[in-house]
Amino acid sequence: RNYDLKKRYFKENRNLHIVAVSQWIADFVGRSILADKPCTVIHNGVDIDIFSNRPVPSHKFSILGVSSVWNKSKGLYDFYELRKRFSCDEVDITLVGLSTEQLHNLPQGIRGVLRTNSVEELAGLYRQADVFLNPTYADTFPTTNLEALASGTPIVTYRTGGSPESVTSTTGMVVDKGDIEGTVEAINQIRTLGKAHFSKACRQRAVDHFDKNRCFEQYIDLYDSILGNTTK
């Protein structure tokens, strides 16, 4: 009954226009009861002034993971497994967004940071990292990828949902879900090439596609087109 009601009400709404934050979601819309409704993809955006690519000197290759909540679906235990594959003397791993309990139970060799309300602190951690790792098993279009790009930090992510849409061959690498060996290989490729090899392209992609102000403008343009406005 719930489904039938939703289907009826959505069908009857002739003015309904759907915005998907990723092509992955838009593809689902096209296979749903909303398939006959217009749908536009407008990606999420970030503050490219706060998340900037000011260089930060580092003495050791650094892998960063960021999440508002850490659990199995966000790849927490994949980070635990990766810690076994890299020497602590050569590679640092930092996880941001942990709970107090998770912080106390971290495996040796992983630096933990509690959830922070300081955007400036978070931006600094992105800048310090040599690679941003997002081993997520469920996601729509993660903003963390965009924050990393704006900071000039290349990405390695799983082929999950809309996560790969923010990554190109010049800004990072995409591997299959749960492929630890593939993740290690991708990280080592970035390690060999160096962060500087990717930084300019990462920053440029964020500026061109994920500047929050440009994304806002896309919404305004969409509203204008729906309302038939020709002037702003």
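1. Contact is taken here to mean heavy atoms within 4.5 Å, while axes are lines fitted to C-alpha atoms, for helices over the stretch in contact, with angles running from 0 to 180 degrees between N-to-C directions. Helices (H or I, at least four residues) and strands (E, at least two) are DSSP runs numbered from the N terminus. The model is a predicted one, in which local features need pLDDT of at least 70 and side-chain atom pairs count only at pLDDT 80 or more, whereas totals for chains, interfaces and linings use all residues. Residues are numbered from 1 along each chain as its sequence is written, and side-chain values use heavy atoms, with hydrogens and water left out.

2. With pairing defined as at least two DSSP bridges between two strands, the strands form an open sheet of 6 in the order β5-β4-β3-β6-β7-β8, paired in parallel. Because β5 (110–114) and β8 (172–175) stand at the edges with a single partner strand each, one side of each is left without a neighbour in the sheet. Neighbouring strands are turned by 20° against each other on average, direction ignored.

3. Within this sheet, β3 (residues 61–66) pairs with β6 (residues 131–134) in the parallel sense over 2 bridges, and leucine 64 has phenylalanine 132 in β6 as its bridge partner.

4. Helix α5 (residues 119–128) lies across β3, β4 (91–98), β5 and β6, and runs at about 140° to β3. Helix α7 (residues 180–193) also packs on the sheet, where it touches β3, β4, β6, β7 (155–158) and β8, its direction making about 165° with that of β7.
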